[in-house]
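Below are some notes on one helix pair and on the salt bridges. Please read them beside the coordinates.

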Amino acid sequence: SKTSAALDQLWDEQTGQYYSRSFISHKLIEEFSVASLLPLYAKKLDASRAERLVQLMQKPKWFGAKWPLPSVPLNSPHFDEFKYWQGPTWVNINWLIISGLQLNGFAEEAENLKQKTISLVEQSGFCEYFSPLSGEPAGAPDFTWTAALTIDLLNIGK
């Protein structure tokens, strides 16, 4: 399929992750971010690739935040807990990854991320994004996608 072919071009076997590709150079941009996990949502992946992504997601140096999943790894030189897409946790990204984990047969990991995401919103409200370290809310308050996706998370499995 076209999706599989596109994903194959973004996969790096050595590091076991997907990368974005530069529009100009057509080379992989070898900076890890939470976007590397989004192919889980795109389709049911090859089981070994899906497993490698889940292993990456569980490594403390990558996503060992109190409130997962930070948009870049905690050990990234670009990490800033409040800088837009360079550290914060986003409910919409978690929702996509939860769905992808379920699609790829990782029910326990999906449930764990779902519960952490719901707890984060319970603690900090329906904000646009959050510190993955403290859960402190940031961005716009009363953010609709956070509210809508939290409602969806609460209804999964009911």
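Is Arg 49 buried or exposed, and what is its relative accessible area? The points below start from there.

1. The model is predicted. In it, Arg 49 has a relative accessible area of 17%. It is therefore buried, as the cut-off for that class is under 20%.

2. Arg 49 forms a salt bridge with Asp 8, and the closest N and O atoms are 2.9 Å apart. This pair links distant parts of the chain, since Arg 49 lies in helix H3 (residues 47-58) and Asp 8 in helix H1 (residues 2-10), 41 residues apart. Asp 8 is partly exposed, at a relative accessible area of 46%, whereas Arg 49 is buried.

3. Helix H3 also holds Arg 52, whose partner lies in a loop. Arg 52 forms a salt bridge with Glu 13, with 2.7 Å between the closest N and O atoms. Glu 13 sits in the loop between strand E1 (11-12) and strand E2 (17-18), 39 residues from Arg 52, and this pair too links distant parts of the chain. Arg 52 counts as partly exposed, with 25% relative accessibility.

4. The count of salt bridges comes to 3. One of them joins the side chains of Glu 111 and Lys 114, at 3.7 Å from N to O. Both residues are in helix H6 and are 3 residues apart, which means that about one helical turn separates them. Lys 114 is buried, with a relative accessible area of 8%, while Glu 111 counts as partly exposed at 34%.

5. How are helices H5 and H6 arranged, and at what angle do they pack? Helix H5 (residues 91-103) packs against helix H6 (residues 107-124) at an angle of about 160 degrees, and the axes are 8 Å apart. H5 is therefore roughly antiparallel to H6, because angles over 145 degrees fall in that class. The crossing of H5 past H6 is left-handed.

6. On the H5 side, the contact is made by Val 91, Asn 94, Ile 97, Ile 98, Leu 101 and Gln 102. H6 contributes Glu 109, Ala 110, Leu 113, Lys 114, Thr 117 and Val 121. By class, the contact of H5 with H6 has 7 nonpolar, 3 polar and 2 charged residues.

Definitions and conventions: Residues numbered from 1 in each chain as written. Predicted model: local features only at pLDDT ≥ 70, side-chain atom pairs only at ≥ 80, totals over all residues. Heavy atoms only, no water. Axes fitted to C-alpha atoms, helices over the stretch in contact; angles between N-to-C directions. Helix = DSSP H or I, 4+ residues; strand = E, 2+ residues; numbered from the N terminus. Parallel < 35°, antiparallel > 145°, perpendicular 65-115°, else oblique. Left-handed = near helix turned anticlockwise from the far one by under 90°. Contact = heavy atoms within 4.5 Å. Nonpolar A, V, L, I, M, F, W, Y, C, P; charged D, E, K, R; others polar. Salt bridge = Lys/Arg side-chain N within 4 Å of Asp/Glu carboxyl O. Buried < 20%, exposed > 50% of the residue type's maximum accessible area, 1.4 Å probe, protein only.
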